[in-house]
Amino acid sequence: MINSILDNDLYKFTMQLAVLELFPKAEAEYRFTNRGPQRFSKEFVEELERITGEEIPKLKLTEEEYYWLSENCPYLRPMYLEYLKNFRFNPGEVKICLTEEKGLDIRIKGPWHSTILWEIVLMAAVSELYFTTIEKEWKGHSENGCTSESLLAAYGEKILEIGKALEENDCLFSEFGTRRRRSSELQDRVMKTLIQIKTLTGTSNVYFAKKYGLKPIGTVGHEWIMGTSALVGLRYANRFAFENWVDVYKGDLGIALTDTFGSDAFFKDMDLKLSKIYDGFRHDSGDPYDLVDTVIGHYRKMGIDPMKKLIVFSDALNADTAIRLKKYCDGKINCSFGIGTSLTNNSDFFRRSPPLNMVIKLHSINGILVVKLSDSPEKETGEKDAIRVANYIFGRKGLDE
């Protein structure tokens, strides 16, 4: 289910380097949340424990992968690549159990620099295992339980149709679908299909970037800002997080995520220096059209030409929404798209078998609870009281609301 230690999103590696450099002693805990109706089984948990305990710990960076990273990701410093060469997943960091309601409880706990790589590989394994052992009628008939070639071919046609629509509308996009892929095999077919599309700029999956000669895409995730809020301070966590990111990467990987504590708090912290250093902003929740207007207004207020900057959209995108957003941005600001689940687990294609709506989010750093507030209420994560306090600190709600 996991092809390589590089079968992960690039931003997990870039954040791992930053954690090692700035917060090497930090201890982290992550927790799994399934927002959907799917239920699990004892057999599912046992197999996931076997994969986590036996298969994933075997992954290691090969010499070929080492040299590929050094040539294609120059921002990953040599000392970090040496660390990654010696890195092994520690199964003792992961606890998995089945709840009384047949829900799935996953907790990851240990050094932040070590536990940071579990999120994507665990979610990919959970998704593929679910569609292999519980909901498997979609696969069709084939030998060895693999997906039938006819289904893979039909899915490839669907992805080609999506890619052509994006290409015809000049939508620059990357594939972001590892965490909720239906299977590694299906994602491979997606990538094999998308390399025909001229407006494909790359993939967040480093393994598939290497396999298909694409650019690995990614910068920073919510957990960097969430972790900073515990280690440095909550009220100005965005500013601290993005100043620290500049200290580590010196202007490389310059896309800033806007919604960790709500975009209002983000723009208060995004001063002239940071607005000039960063190439652009990433939208991941809330109304994307409102954010376009807010970003353009922010740049103009700072005396910056919006047409020299970029918005990356990554919130539950499909081709239709990307095309509409592209038309809205035309002539105002540059844009690109990170498209995930609708490529690797398309709900229109698998109508009776929807993808899992799940996340693994940072829960605490050094025992201090962290939260993600988001611009969409349903995307809030964290303990109830911690969310309440954070909303109060950022002026979003009163303590009793």
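Which residue in strand 3 is the bridge partner of Tyr30? The answer is Ile108, and that pair is a handy way into this predicted model. The UniProt record, in an unreviewed entry, places the feature "domain: Nicotinate/nicotinamide phosphoribosyltransferase" at residues 172–385. That span is 40% helix and 16% strand, and its end C-alpha atoms lie 41 Å apart.

- Strand 1 (residues 27–34) and strand 3 (residues 104–111) run antiparallel and are joined by five bridges.
- Strand 3 is also joined to strand 2 (residues 94–98) by five bridges, and these two strands run antiparallel as well.
- Strand 2 and strand 3 form a hairpin with five residues between the strands, where Lys102 takes a positive phi near 65°.
- At the other end of the strand order, strand 10 (residues 358–365) pairs with strand 11 in the antiparallel sense over two bridges.
- In this pairing, Ser364 is opposite Leu369 of strand 11.

**Helices that lie on the antiparallel sheet**

- Next comes an open sheet of six strands with parallel pairing, in the order 5-4-9-8-7-6.
- Its edge strands are strand 5 (200–203) and strand 6 (255–257), each of which pairs on one side only.
- From one strand to the next, the twist averages 25°.
- Within this sheet, strand 8 (residues 310–313) and strand 9 (residues 334–339) run parallel and are joined by four bridges.
- Val312 has Ser336 of strand 9 standing opposite.
- Helix 14 (residues 288–301) lies across strand 7 (280–283) and strand 8, running at about 160° to strand 7.

**A pair of packed helices**

- A helix pair can be described by two values, the angle between the axes and the distance between them.
- For helix 1 (residues 10–22) and helix 4 (residues 78–86), the angle is about 105° and the axes are 11 Å apart.
- An angle from 65 to 115 degrees counts as roughly perpendicular, and helix 1 and helix 4 are therefore roughly perpendicular to each other.
- Helix 1 brings Phe13, Gln16, Leu17 and Leu20 to this contact, where they meet Tyr80, Tyr83 and Leu84 of helix 4.
- By type, the residues of this contact are six nonpolar, one polar and no charged.

**Residues to look at one by one**

- His222 carries a UniProt feature, "modified residue: Phosphohistidine", taken from an unreviewed entry.
- His222 sits in helix 10 (residues 222–231).
- Is His222 buried or exposed? His222 has a relative accessible area of 6%, and under 20% means buried, so His222 is buried.
- Beyond residues up to four places away in sequence, His222 touches Leu257, Asp259, Thr260, Asp284, Lys361 and Lys372.
- Thr381 is found in the loop between strand 11 (368–369) and helix 17 (384–393).
- With a relative accessible area of 11%, Thr381 is buried.
- Not counting residues up to four places away in sequence, Thr381 touches Arg35, Met226, Lys361, Val370, Val371, Lys372 and Ile387.
- Val232 belongs to the loop between helix 10 and helix 11 (237–249).
- The relative accessibility of Val232 is 39%, so Val232 counts as partly exposed.
- With neighbours within four places in sequence left aside, Val232 is in contact with Phe23, Phe240 and Asn244.

Terms used: Residues are numbered from 1 along each chain as its sequence is written. This is a predicted model: local features need pLDDT of at least 70, side-chain atom pairs count only at pLDDT 80 or more; totals for chains, interfaces and linings use all residues. Side-chain values use heavy atoms; hydrogens and water are left out. UniProt positions are given in the numbering used here, feature names are shortened, and annotations may be inferred rather than shown by experiment. Axes are lines fitted to C-alpha atoms, for helices over the stretch in contact, and angles run from 0 to 180 degrees between N-to-C directions. Angles under 35 degrees count as roughly parallel, over 145 as roughly antiparallel, 65 to 115 as roughly perpendicular and the rest as oblique. Contact means heavy atoms within 4.5 Å. Ala, Val, Leu, Ile, Met, Phe, Trp, Tyr, Cys and Pro count as nonpolar, Asp, Glu, Lys and Arg as charged, and the others, Gly among them, as polar. Two strands pair if DSSP finds at least two bridges between them. Buried means under 20% relative accessible area, exposed over 50%, partly exposed in between (1.4 Å probe, protein chains only).
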